[in-house]
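At each stop, select what is named and look around before moving on.

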Amino acid sequence: MKRPWAAAKRGLGSSTSSEPDSTPGRQAEGSAAIPSAQPPLETDTIQISKPARVAAGFTSLIKSAEVTLKEPGLSRGIKALRQLNQFDGVDCPGCAWPDPDEDRAINEYCENGVKAIAEEATTKRVTADFFRQWSIAELSRQPDYWLGHQGRLTHPMVRLTGSDHYQEISWGDAFAMIAQQLNALQSPDEAIFYTSGRTSNEAAFLYQLFVRQFGTNNLPDCSNMCHESSGAALKETIGVGKGTVRLEDFDLADTILIIGQNPGTNHPRMLATLQKAARRGATIVSVNPLAEVGLSRFKHPKEVLRLFGSGTRIAKHFVRVRLSGDLAFFKGVCKEILEEEARRPGKVIDRTFIEQKTHGFEDFRRSIGVASWDQIVAESGISRTQIREIAEVVMRSKAMIACWAMGLTQQRHAVATIQEVVNLMLLGGHLGRPGAGVCPVRGHSNVQGDRTMGIWEKMPENFLDKLRDTFGFEPPRKPGWDVVESIRAMHRGEAKVFFAMGGNFLSATPDTEFTARALSRCRLTVQVSTKLNRGHLITGERALILPCLGRTDRDLQAGGAQFVTVENSMGIVHSSRGNLDPPSEHLMSEPAIVARLAAAVLGERSRLDWLNLVEDYDRIRDLIARVVPGCDDMNRKVRRRGGFYLPNAARDDEYATSTGHANFTVSPIEPVHLEPGKFLLTTLRSHDQYNTTIYGLDDRYRGIFHGRRVVLLNPEDMAERNWNQGDLLDVTSHFLNEGAEELRTAYRIVAVPYEIPRRCAAMYFPEANVLVPIGSVAVKSNTPTSKAIVVSFAASCQTAAVPAPEEAESVRVS
Ligand code: SF4
């Protein structure tokens, strides 16, 4: 039975082909007062040309200069950039790639770091007047790029019941409104407190403390949508839910696996680390459905004399794995290794490590023995020859690092897939020794730190006990809602207040129309933000925007100028201190917002003097030191040059698992059955994008310009179906929910031929999020499966929108 996914009341993009008029581009007509959950169409301007041959280089320098001049201007821009990623400077609000422990260059940043800083340090302002001029419905019909480029928010704003405009509100009235709404709830569990990964440790610690004193564990965060699968997989297998390597390990590794990751766009300075490794002879293997240029060739913008050359080849091997085929591929590599071990006993795998440090090897060996080669090859899309080639690289390795990102974590069997990677690492003993280890690369600057500080809907009992003993209250023990469960709870009407500490919840989450309806059912939605985004336009009955200081802004409290701390991908906690004049005198820091909120909501119910804490953030860090393992003496340690490493037992070759050893795991290959006409779709970022922030409309690495509504398809698949580059397609996702098929459609997407495996496709998010069913989640981690959406295509009712293009040139790595 087919069950058309009902078109949203707001009438945007998520509908069946029988309702073509509910596309974003058309929706405005006749429904002017209804805000759009999706950006308008922009296909008319899209241009396709050759993908880049080399990442970074001169163009990167030019783009950095352009954006600096355009947003903060020369002097403010230089002032911000001079301090970026320096000791005692400001931590880049972009990704979580670490800075060198020792010497740092004066320009210790990448093009995307410059864009992040320029966006924040911009001189443009979104004032109360701006909101008087623009209604919410009018704003919603502007593209995300336009919204983000209006500038920094300057005043607290409120949308009152029934109004189509935000209007100014005082901070006092805003906190009183939130307190009134929260305290009127029948249960604290009717409120949801979301955190984005940019929130500092100090704000995050206070926030979770307030939320738990209020009485709920409803603390979803963006980690639920990114590395939740990594945490679940690693905790079971090696006892710690984080990576185990340090930056210096990349100088020692002889082999580096980059799996489901595009560092050229998402963690650009990682390319400099990989370049160094490649130059000294380390073998880099890229396992990904798309050949990303960053892993092909890289020109370091700091190497002026080499800017005219052809760049450094990064990955020696490129494994073009099918979407969701990683588990089968790694099983194949393990099978090759174990078959070789059977031929040359004691010569291939690290028997000593396996015997002394691991558990479950025999079960694993048996399961690999019976795994079918036919199935491995069919599901991975990789030939036996290439699997053997990669197995030989791994067998030669004495020190191997495995890195991964969303390409692994957002699959249906993401946890099992990551555990198969761990199995491979355990076979060679690639843990707990120099130059080896696992490295889930975090995409947001403090997403890992927020977890360390207690932002999680199911923090372990010992953390909650510590809160109880330190602060004298009984924290709630019932696990809270994660992101997906929170959306469902709002949709059911069970959650009535939604508070977001940063981020753009609507655009970051799956199933855009479902999420929009969920948010609009709340009594109150509140967002702490630096800039305008689409999430401000889809609101509850009442809504607040609370404007906060950014990383680059000077943070002056009663106790003087403050700094905050963050934790990067490698578990280093360090300081971040802004040095720019804030864009408005009406802004508050995130810790101050939490403190004022807690004081207003909890009143006499809390014994803490919240306002006193934020006069001097050292007082918050003293509390963190009493609760968070490894943060003892935090105020002294964080003032060391570069900060301090958090403890990590697996890095030290100790495994705090249920068996006391590193665990081998057994996971079957779950075949992906695609019916005729169906494809698997993955979401991805463009090079002009950071998470949901759209810096520009170009993706020069992939040769796509002036637009984002594209779908990348295998050229042979296109030829078979008579689709040409530039054709407009409607993309429909198919999801079986209790026997009924749910359909969601994104309209008028431009077809682009690209080197991607057969019957695989790729679209940018957040545009593609409308296709990701809320019910499609990874086993064990509940992470939305944005890298494995079953879709079909139909010619759109529109005519071709793109001028006759050049033939897209393929990018090959090896
Ligand atoms: S690599 Fe990441 S943290 Fe470093 S400058 Fe670039 S975006 Fe910022």
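**Stop 1: strand β33**

Start by selecting L713 and A761. In β33, A761 is the bridge partner of L713. Keep in mind that this is a predicted model. Now show strand β30, residues 710–713, which pairs with β33 in the antiparallel sense over 3 bridges. β26 and β33 pair in the parallel sense, over 5 bridges. Select L684 and you will find Y764 of β33 opposite. In general, strands of a sheet pair through backbone hydrogen bonds, either parallel or antiparallel.

Is β33 enclosed or open? Of its 5 residues, 760–764, 5 are buried, so the strand is largely enclosed by the rest of the structure. Show the side chains to see both covered faces. C760, A762 and Y764 are on one side, A761 and M763 are on the other, and all are buried. Side chains in a regular strand alternate between the two faces of the sheet.

Now step along to P766. This residue is in the loop between β33 and β34. The peptide bond from F765 to P766 is cis, with omega near 10°.

**Stop 2: the ligand**

Select the ligand. Where does it sit? The ligand is in the second largest cavity. Show the residues around the ligand: N85, C92, C95, Y109, C110, G113, P268 and R269. Colour this shell by type, and the residues divide into 5 nonpolar, 2 polar and 1 charged.

**Stop 3: helix α4**

G113 is one of the residues around the ligand, and G113 is also one of the buried residues in α4. Select the whole helix, residues 111–121. Here 11 of the 11 residues are buried, so α4 is largely enclosed by the rest of the structure.

Go back to the loop between α3 and α4, where D88 is found. D88 is not a glycine, yet has a positive phi of about 65°. D88 counts as partly exposed because its relative accessibility is 47%.

**Stop 4: a six-stranded sheet**

Which order do the strands of this open sheet follow? The 6 strands run β7-β6-β19-β18-β17-β8, with mixed pairing. At the edges are β7 and β8, each pairing on one side only. Zoom in on β7. Strand β6, residues 157–159, pairs with β7 in the antiparallel sense over 2 bridges. M157 has E168 in β7 as its bridge partner.

**Stop 5: aromatic pairs**

The model has 23 aromatic pairs. Select Y194 and F498. Their ring centres are 6.5 Å apart and their planes are at 25°, so this pair is stacked. Y194 is in strand β8 and F498 is in strand β17, 304 residues apart, so look for two distant parts of the chain linked here. Both Y194 and F498 are buried.

Next, select Y207 and F499. This aromatic pair is tilted, with 6.0 Å centre to centre and 45° between the planes. Y207 lies in helix α9 and F499 in strand β17, so the pair ties together parts 292 residues apart in sequence. Y207 counts as buried because its relative accessibility is 0%. F499 counts as buried too, at 1% relative accessibility.

For a group of rings, select F130, F131, W134, W146 and Y166, which form one aromatic cluster.

**Stop 6**

Select residues 564–567, which make up β22. V564 and V566 point one way, T565 and E567 point the other way, and all are buried. V566 has H574 in β23 as its bridge partner. Between the strands of this hairpin are 4 residues, and G571 takes a positive phi near 75°.

**Stop 7: two last residues**

Select L257 in strand β9. L257 counts as buried because its relative accessibility is 2%. Draw a distance to C226: the C-alpha atoms are separated by 19 Å, and the residues are 31 apart along the chain.

Finish at D633, in the loop between α27 and α28. D633 is a residue other than glycine, and its phi is positive, near 55°. Is D633 buried or partly exposed? D633 is partly exposed, with a relative accessible area of 37%.

Note on methods: Residues numbered from 1 in each chain as written. Predicted model: local features only at pLDDT ≥ 70, side-chain atom pairs only at ≥ 80, totals over all residues. Heavy atoms only, no water. Buried < 20%, exposed > 50% of the residue type's maximum accessible area, 1.4 Å probe, protein only. Near = heavy atom within 4 Å. 1 Å grid on protein atoms, 1.4 Å probe; cavity = no way out; pocket = protein on both sides within 12 Å on 5 of 7 lines; lining within 4 Å. Sits in = over half its atoms within 2 Å of the grid points. Nonpolar A, V, L, I, M, F, W, Y, C, P; charged D, E, K, R; others polar. Pairing = 2+ DSSP bridges. Phe/Tyr/Trp six-rings, centres within 6.5 Å; stacked < 30°, edge-to-face > 60°.
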